[in-house]
Amino acid sequence: MKYLNKDCFNPFFSHIYVERAVLNHPRTRKILAAFPNANVIEIAHYKEIFCRSRQNYILQHRTQKLILAAKDTEGTLIYQGSEVCQNFGNEHFYYTSCVMNCIYDCEYCYLKGMYPSANIVIFINIEDLFREAERLMQKHKLYLCVSYDTDLPALEQIAGYAGEWCRFAEANEQRLKIEIRTKCADRKFFENQKPLSNVVYAFTLSPREVIRRFEHYTPSLAERIRCAAQAVQDGFLVRLCFDPVIYLSGWQKYYDEMLDDVFRVIEMDRLADVSVGTFRISQDYLKKMRKQEPDSAAVWFPYQLEQGFYQYPDDMREQMEQYLVKRLTEQIPREKIFLWKTGDHT
């Protein structure tokens with residue numbers, strides 16, 4: 001009977017797949033050195049593993065594998081920002097992906113509907129993304145989100161890409177502003193960086209009950225708040241993201257408790273700004289997620305469909321968003337609060 005409790009899954013990154021094109025790249029060798037016991041498997045192209053049919057995203061997330069690859073420079077390297085994301089008043093809003101997938105496992109995450117695999121792909125040739133950013137910066141100042149399809153600070157000890165982007169931003173202070181979004185609470189990361197006027201660290205905060213139910217493997221609310229508070233105190237540009245706001249019975253109580261903790265610990269008057277937005281997702285992504293997660297309350301809520309996107313019914317969305325805005329204006333000017341959909345300060 002004791003074997004019934006045995007974990008039969010391989011440990012995380014027990015297998016690392018490496019494209020031949022990057023096998024001898026210095027960055028590849030550095031990553032592989034961090035996993036001396038991993039089985040290293042040479043492949044021709046990352047899609048051989050990542051895009052196989054009939055993969056189970058949920059099971060794979062319990063034993064993620066790592067794939068090291070070269071991003072196709074013939075394809076798009078930097079994308080225009082999605083309409084479901086906020087631009088924070090920046091005209092030239094873009095995002096890029098140097099890593100695909102996340103070590104955290106949030107049930108509502110759009111990555112489950114976007115990718116066929118839960119394995120993590122690190123694109124070794126980040127310098128090609130820098131060159132494409134430089135090309136765009138010749139046309140106009142760039143607002144670039146670099147941590148949408150993963151959590152770069154959470155992978156910093158493996159890839160080091162958050163720090164790479166910070167150094168690139170520092171060298172292009174007048175032409176570039178980047179956002180690094182995260183749920184990570186590693187204060188050591190900030191000890192190795194310095195505050196920059198064009199790097200915004202966007203901390204996603206959720207009530208304890210939302211974290212407990214839906215945000216698996218993520219740091220606690222208290223850890224995130226402490227990390228954000230220390231970053232503010234040390235002079236970093238910090239954005240707090242209450243986005244996505246997730247409905248659950250008793251939501252007002254849970255969000256009140258969260259905001260009380262935030263107000264008590266974080267110097268709100270020193271924040272760059274605040275983001276508020278209820279859960280929304282594309283129709284196609286949600287359809288795939290529901291196949292993967294038949295028991296998730298966050299995924300199976302009866303959302304309403306509007307112009308190809310699922311979101312909460314208008315009255316519910318309005319109630320939740322306006323309540324958070326009302327509470328936030330107790331501590332921060334209204335003009336610093338960005339609401340999704342309009343993209344303005346209303």
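The radius of gyration here is taken over C-alpha atoms, and the globule rule is 2.2 Å times the number of residues to the power 0.38.

**View 1. Overall dimensions of the protein chain.** This is a predicted model, in which local features need pLDDT of at least 70, side-chain atom pairs count only at pLDDT 80 or more, and totals for chains, interfaces and linings use all residues. Residues are numbered from 1 along each chain as its sequence is written, and side-chain values use heavy atoms, with hydrogens and water left out. For 346 residues a compact globule would have a radius of gyration near 20 Å, and the protein chain agrees with its 20 Å. The C-alpha trace spans about 60 × 55 × 40 Å along its principal axes.

**View 2. Burial in the protein chain.** Of the 346 residues, 56% are buried, meaning under 20% relative accessible area, with exposed over 50% and partly exposed in between (1.4 Å probe, protein chains only).

View 3. Lys194 lies in the loop between helix H7 (187-191) and strand E11 (199-204); helices (H or I, at least four residues) and strands (E, at least two) are DSSP runs numbered from the N terminus. Lys194 counts as partly exposed because its relative accessibility is 47%. Leaving aside residues up to four places away in sequence, Lys194 touches Glu170 and Phe236 (contact: heavy atoms within 4.5 Å).

**View 4. Side chains of Lys194 and Glu170.** The two side chains are joined by a polar contact of 2.6 Å. Such a contact is a pair of N or O atoms within 3.5 Å; within protein, one must be able to donate a hydrogen and the other to accept it, and residues adjacent in sequence count only if both atoms are side-chain atoms.
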